[in-house]
Amino acid sequence: MQTETQKTIPFGKPIIGDEERRAVADVLAGTTLTHGPKVKEFEAAFAEFTGAEHAIATATCMAALHLAYLAIDLGPGDEVIVPAQTHVATAHAVEACGGKPVFCDAEPRTGNIDLDLLEGLITERTRAISLVHYIGKPVDMRRVMEIARKHDLYVVEDCAVALGARVDDVHVGLHGDIGCFSFYPVKHITTGEGGMVITRRDDIAERVSKQRAFGIDKNVLADRRHTGAYEIEYLGLNYRLAEVNAAMGVEQMKRLPGFLEHRERIHGLLHAALSEIDGVAPLDSDHDGHLRASHYCIVAMLEPPLDARREELIERLKAKGIGTSVYYPKSLPDTAYYRGRYGYEPGSCPVATRISTTSVAFPVGPHVEEDDVVRIAASVKETISEMQANG
């Protein structure tokens, strides 16, 4: 049990300081809450960090993904290959445009999409490949782009948990046509809620910029003679990021290099410690030297017979003040919605099913210190021993 002197180590904790609070207060003290300069400043900082020609802030990562598919005119009859092991937003964005997600299983070593299976899922209806850099571990984009070019397909990179990850020293999200990011509270940086699209392509940037704001052709700040002087070019949505959120983002970007350095150090220590515990096998983080992860968390597989008692392990660790999570509770073809809609059988993507049902995610965020690593590993080892002793 957790003692009174032991702190709780949450799975995720946003790091918000006085700088963010002052930035938000400055926005609230002014008169501009939308269409303001802080969004532009946040976009510029994000573009500079990633090396993107274009960065377009959005209300959420789901909004960014939806806009990505709108920008390539995805519609009914079109298919997109989607990882089975991901958050539901990755597939829902395809569905929202009338397209069909076709699920590809995960590779067992990293949890990323299995590139050996990908090409076999391509049909004459396939328009795009969707990729998720699972828990910050980048997919081998060299292979992906070879396949995409061969079949003339768009590539949409879901980078929701991969800010800072690179392939061949190019930031994820810039290998394909579009990259989408999340700033949910437990991500690498937070804006409270928010997202970002990055791209090298002028045409896609133009579409995303306009369709995030009702399909209107002119920006309210720079392009209109007066507020009502505009035309509507596209079917659009209200997916804009507010100034308050962007003000937080500007300050969080200043902290990002330190956040990433801390995550890498803690990840290395905790990965090594968990690897020494019988019955626990952390997923790998690297293919080879041309991939650099950004370490969102550690996902560890539980080996038999411990795997059947995952929920008990999670509850026992919680009682000791150790926060964990699951990435993700079900593979997407195992969920009720996608089973019912497309007739997927349970376990149709067996590796993704196994990861979802027998793994535990451990924290490596900036709130985790080196002594926390020792405590997490000791608590896991101790708890497993207690469970074994109790049958």
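View 1. Strand β3 (residues 100–104) is largely enclosed by the rest of the structure, because four of its five residues are buried; buried denotes under 20% relative accessible area, exposed over 50%, and partly exposed in between, with a 1.4 Å probe and protein chains only. Strands (E, at least two residues) and helices (H or I, at least four) are DSSP runs, numbered from the N terminus. The model is predicted: local features need pLDDT of at least 70 and side-chain atom pairs pLDDT 80 or more, while totals for chains, interfaces and linings use all residues. Residues are numbered from 1 along each chain as its sequence is written, and side-chain values use heavy atoms, without hydrogens and water.

View 2. Five bridges join strand β2 (residues 79–83) to β3 in the parallel sense, where pairing requires at least two DSSP bridges between the strands. Within this pair, V80 is positioned opposite P101 of β3. Together with helix α4 (residues 88–96), the two strands form a right-handed β-α-β unit; right-handed means that, with the strands pointing away from the viewer, the path from the first strand over the helix to the second runs clockwise.

View 3. C104 has its nearest cysteine sulfur, that of C349, 7.1 Å away. C104 is buried, at 1% relative accessibility. For C297, the closest cysteine sulfur belongs to C61 and is 16 Å away, too far for a bond; C297 is also buried, at 2% relative accessibility.

Terms used. Disulfide = S-S within 2.5 Å.
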